[in-house]
Each structure stands twice: as structure tokens, then as C-alpha cells.
Amino acid sequence: MAEFTDQFTMTIDGQPASSPQTLKVVNPATGQVFAEVPDCTPEQLDVAMRGAQRAFAGWKDDYERRRAVMYACADALEANAEELGRLATMEQGMPLAGGVGGVLQAAGNFRYYADLDIPRITVQDDDDALVEIVRRPIGVIAAIKPWNVPIGMAVNTIAPAFRAGCTVVLKPSPFTPVVTVRMGEVLRDIVPAGVLNIVSGGNELGQWMTEHPVPRGVSFTGSIATGKKVNVAAAADLKRVLLELGGNDAAIVLDDADPVDVAEKLFWPAFRNSGQICMAVKRVFVPEAMEPQVVEALAAKARAVKVGNGLDEGTELGPINNKPQFERVKGLVAEAIAQGAVAVAGGHPMEGDGYFFEPTILTNVAEGTRIVDEEQFGPALPILTYRTVPEAVHRANATNYGLGASVWSADPLRAAAVAEQLEADTVWVNTHMQLTHDAPFTGMKWSGLGSEMGLWSIYAYTDPQTVFRTRSQVIKKGAEQAAGA
Ligand code: NAD
């Protein structure tokens with residue numbers, strides 16, 4: 001029985017919108033439908049796009065207004081963090097602290113972008129000319145989001161797009177639409193009509209968005225397979241694309257590292273949110289001689305961790321988010337074991353309702369097994385052995401993924417030298433999954449196109465414009481101003 005039925009409305013051109021059809025949303029901790037959201041029709045999407053297009057005109061030129069709105073968005077998210085966080089946990093599965101924490105982080109993201117200075121760059125200032133580069137917002141952004149961190153991923157687009165001067169039509173994943181749709185309701189009276197449209201629907205809605213003539217940019221976060229389709233659809237209209245896609249991050253442990261300490265620090269970057277994070281550690285390379293100690297230390301952590309309903313106190317890991325993903329992780333682990341891998345911890349689905357899977361550490365596993373070659377996006381970690389560092393680097397790079405990677409060593413300089421050989425857009429030394437606002441987050445190879453965070457998101461939602469003034473005009477204008485004063 002659904003707990004919330006027909007309560008949630010999309011936000012279209014500032015108005016609440018229901019639909020003739022609804023999408024049922026399952027709580028992955030129970031396997032039961034707990035809410036329904038509207039299933040957006042093509043006509044409703046068109047109203048949203050036209051509204052966003054109309055709103056762009058008044059929005060793009062008024063930074064002070066946008067700044068005030070972004071601050072108000074942050075305040076509203078904070079004021080509603082408990083409710084939104086709870087919904088995030090109910091539909092995504094993550095422990096409640098992560099649900100609420102994600103909303104608070106999103107509020108911080110609004111404030112960060114509200115205050116971000118977008119520099120006006122002078123490239124020539126001499127007797128001939130004054131030449132400056134300014135950034136012009138590209139227009140309506142179609143934003144399409146995944147199910148692993150719903151509010152965080154949504155605000156990762158909304159906040160910089162607002163700062164840039166763009167308006168947004170955003171679609172959450174059909175597996176986790178509730179918290180995003182509810183966020184639209186919370187922000188509805190704060191954001192001017194048309195500036196933020198939240199629509200819910202299935203995969204076809206994402207396709208209609210990328211094919212729609214209004215958006216000038218597509219901000220997509222999700223799988224590589226879908227990212228490629230989005231890129232093709234956007235190309236027909238030369239829309240700008242920002243693609244943040246999947247990863248298969250390697251962690252290389254060097255022979256001078258303390259195995260127990262490394263295992264302690266590697267565990268959470270691999271298993272947080274049940275491994276359902278793009279930049280989670282997804283493959284670990286250890287020297288042959290160190291393997292038993294690293295494996296046993298990781299397995300001890302995996303056996304001890306408390307898995308359960310994210311709403312229950314003390315839960316450290318929730319379920320896998322949805323049935324297809326649960327079946328995929330189950331299949332990848334079973335296939336690896338059938339090929340000779342050993343599950344030193346876990347290896348099986350857990351008893352009871354919901355999509356719970358035991359935190360799993362696999363050893364005796366190597367390339368050629370799908371859980372190594374593909375992104376597992378779940379609570380199962382393969383540990384691979386190597387003999388030489390160049391070999392480990394070569395194997396870590398022998399993939400189409402290129403999101404993140406880390407190197408672990410008692411000697412940070414040695415680790416940094418190895419890290420810089422890795423084909424990943426973020427490399428860490430003795431840590432993993434830590435981000436800073438001002439550094440670009442992006443993916444090499446198939447892990448993405450374009451960069452997010454800081455000014456890099458602003459570049460994604462703006463075009464550079466060169467303002468070229470001959471010197472005589474500059475001098476003349478200056479003289480006019482002086483005369484006027
Ligand atoms: P997905 O590609 O299945 O779905 C993502 C979104 O695309 C959903 O909203 C879906 O409805 C929509 N969609 C599906 N088909 C579409 C189409 N043809 N046209 C337009 N939209 C379409 O991804 P997912 O399973 O929801 O998310 C998991 C993936 O996301 C993982 O690979 C993960 O690594 C990746 N991810 C990457 C980042 C990053 O920043 N690089 C962040 C989070 C998640």
C-alpha cells in the first residue's frame with residue numbers, strides 16, 4: 001500500500017502539475033511501493049520548456065536577483081532538510097544521515113554559487129584595443145539525473161546554471177523522483193515562474209528533453225550507455241552537452257603501505273552508499289605479498305558493517321536502490337564466483353524483503369571477469385594482485401573508464417608520481433572520493449564530456465563572448481564620461 005499517493009506535483013512554469021498517469025516508486029528497503037509521482041506528458045514538457053524559455057529573458061541579466069533567490073533556496077532546503085532527507089532515504093535507501101546531509105550539502109552548493117565571482121578576463125589592453133572575454137548564459141538547460149544521490153546531483157546542475165543566468169527543466173530518475181519533485185514544491189514560491197521546472201517520468205521523458213528544440217544545453221549525469229544516446233540526440237541540434245558518466249576507479253596500494261591502515265581508509269570510499277557512487281573505489285590492486293593482509297582487513301570491515309533500513313538508527317549501509325541493479329550486482333558476483341573468485345566476505349543477497357546484498361570482498365579475481373571490467377555500482381569489491389608498479393598502472397589504465405583513481409603509500413611523493421600516470425581526471429594520494437568545490441570534476445575517456453564544479457560548471461552553462469573595442473572608442477568613451485562627470 002502506498003504511503004503517499006497522488007500527493008506530489010511537478011513544477012511547470014511555476015504551477016503545480018499532476019498527470020493522467022503516475023509512476024510508482026518503490027522503497028528499496030521494503031520492496032514495496034510507497035509513493036506515486038506524475039508521469040509527465042509530452043504536452044506538459046512543452047509547457048515547461050516554453051516557460052523556461054520565457055523566464056530566461058528576465059532572469060539572465062539580473063545577477064543580484066538571482067543571488068537573492070539562490071540564498072532563499074539554500075534557506076528553504078535547510079528548513080526542510082529533515083523531511084527531504086527522509087524522502088531521499090525512503091526512495092534511495094541511503095542511511096538517514098546521508099539523506100539529510102545531502103540536502104544540507106545542496107544548500108551549501110546554492111550559497112557557493114550565489115557568491116561565485118565569474119571573472120571578466122582582459123586579454124588585450126594596449127594602444128590598439130581593449131579586448132575582454134565575458135560569459136553569456138546559453139539559455140534553457142535540460143537536466144537529466146540518476147538515482148544514486150538525487151538531490152545532490154540535481155543541485156549540482158541547478159545552482160551553477162542559476163549563477164550563470166540559465167533556466168532549468170530537470171528530470172530525476174524514475175527510481176528516485178520523489179525528493180526532487182518535493183524539492184520543486186518547496187522552491188516553487190521562491191524561484192520565479194519558469195526558472196526551475198521539475199518534471200517526472202520514465203526514460204522516454206529524458207529522450208523528449210534532449211530532442212526538444214528549446215534547450216540549448218543538456219546536463220546529464222548517468223550511465224555511459226545513456227550518455228552516448230544523449231550525446232547523439234543533442235548533436236542533431238548542436239546543443240551543448242555536459243556528460244558526467246560512470247567510473248571504474250582503481251586504487252593501487254604500493255608495497256610500502258600499511259595494509260591494515262589502507263584497508264581501514266579504503267573501505268568507506270568503496271562501500272559508502274552501498275558502492276553506488278560514480279567515484280567509488282571499484283577495483284583494488286595490491287602487491288601479491290600484501291594481499292592476505294589487505295583482504296582480511298577489508299573483509300573484517302565488511303563483516304562488521306551494519307546493513308539495514310536507512311531509517312533505522314545505527315544503519316551504516318542501506319539496500320541497493322532498485323531491482324534491476326540488485327539483479328545486476330547479484331549476477332556479477334555469482335558469475336565471478338563461478339569463474340573461480342572467492343568471496344572472503346559476503347557474496348549473497350540477504351534474507352528478507354528489500355534489495356539487500358551482503359558487503360562483499362572478492363579475491364582470486366582478475367581482468368576478464370565482468371565485475372573487474374565493468375562498473376559494478378554496488379557493495380562488492382574485487383581485490384586484484386600485481387607484481388610491478390608499471391604493470392599495475394598499465395592494468396588500471398586498460399579500460400574505457402577514466403573518472404577517478406588513487407594510490408596508497410607511506411611515501412606521498414612516490415604515490416603522487418604513480419598517480420600522475422593514471423588515466424583518470426581526479427587522482428588522489430592516500431584518500432579517495434574527496435572533492436573540493438574549486439577543482440574540476442570530470443571524466444577522461446568514456447567517463448564524461450566537459451567538467452563540473454566551481455567555475456568549470458559555469459563554463460558548461462555559458463558561452464564565451466569576446467568584446468573587442470578599438471582603443472579610439474575606449475578613449476572616446478572615457479573622455480565622454482569625464483565630460484559628463
Ligand atoms: P541511467 O543512464 O540509466 O539513467 C540516468 C537518467 O537518464 C535517468 O533519469 C533516466 O531516466 C534517463 N534516461 C534513460 N534513457 C534515456 C535516454 N535515451 N535519453 C535521455 N535520458 C534517458 O543511469 P542510472 O542507472 O540512473 O545512474 C547510474 C550511473 O550514473 C552510474 O554509471 C554512475 O557511475 C553514473 N553517475 C555518474 C556521476 C558523475 O558525476 N560522473 C554521478 C552519479 C552517477
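Trainee: Where does Asn-148 lie?
Mentor: Asn-148 lies in the loop between β7 (140-144) and α5 (150-164), where helices (H or I, at least four residues) and strands (E, at least two) are DSSP runs numbered from the N terminus. The model is predicted, so local features need pLDDT of at least 70, side-chain atom pairs count only at pLDDT 80 or more, and totals for chains, interfaces and linings use all residues. Residues are numbered from 1 along each chain as its sequence is written, and side-chain values use heavy atoms, with hydrogens and water left out.
Trainee: Why does Asn-148 count as buried?
Mentor: Its relative accessibility is 5%, and buried means under 20% relative accessible area, with exposed over 50% and partly exposed in between (1.4 Å probe, protein chains only); Asn-148 therefore counts as buried.
Trainee: Which residues are in contact with Asn-148, leaving aside its neighbours within four places in sequence?
Mentor: With contact meaning heavy atoms within 4.5 Å, the partners of Asn-148 include Gln-92, Met-94, Ile-277 and Phe-377.
Trainee: What makes both faces of strand β15 (residues 360-363) covered?
Mentor: Thr-360 and Leu-362 on one side, and Ile-361 and Thr-363 on the other, are all buried.
Trainee: How do you know that β15 and strand β16 (residues 380-386) pair?
Mentor: Two strands pair if DSSP finds at least two bridges between them, and β15 and β16 have 3 bridges in the parallel sense. In β16, Ala-380 is the bridge partner of Thr-360.
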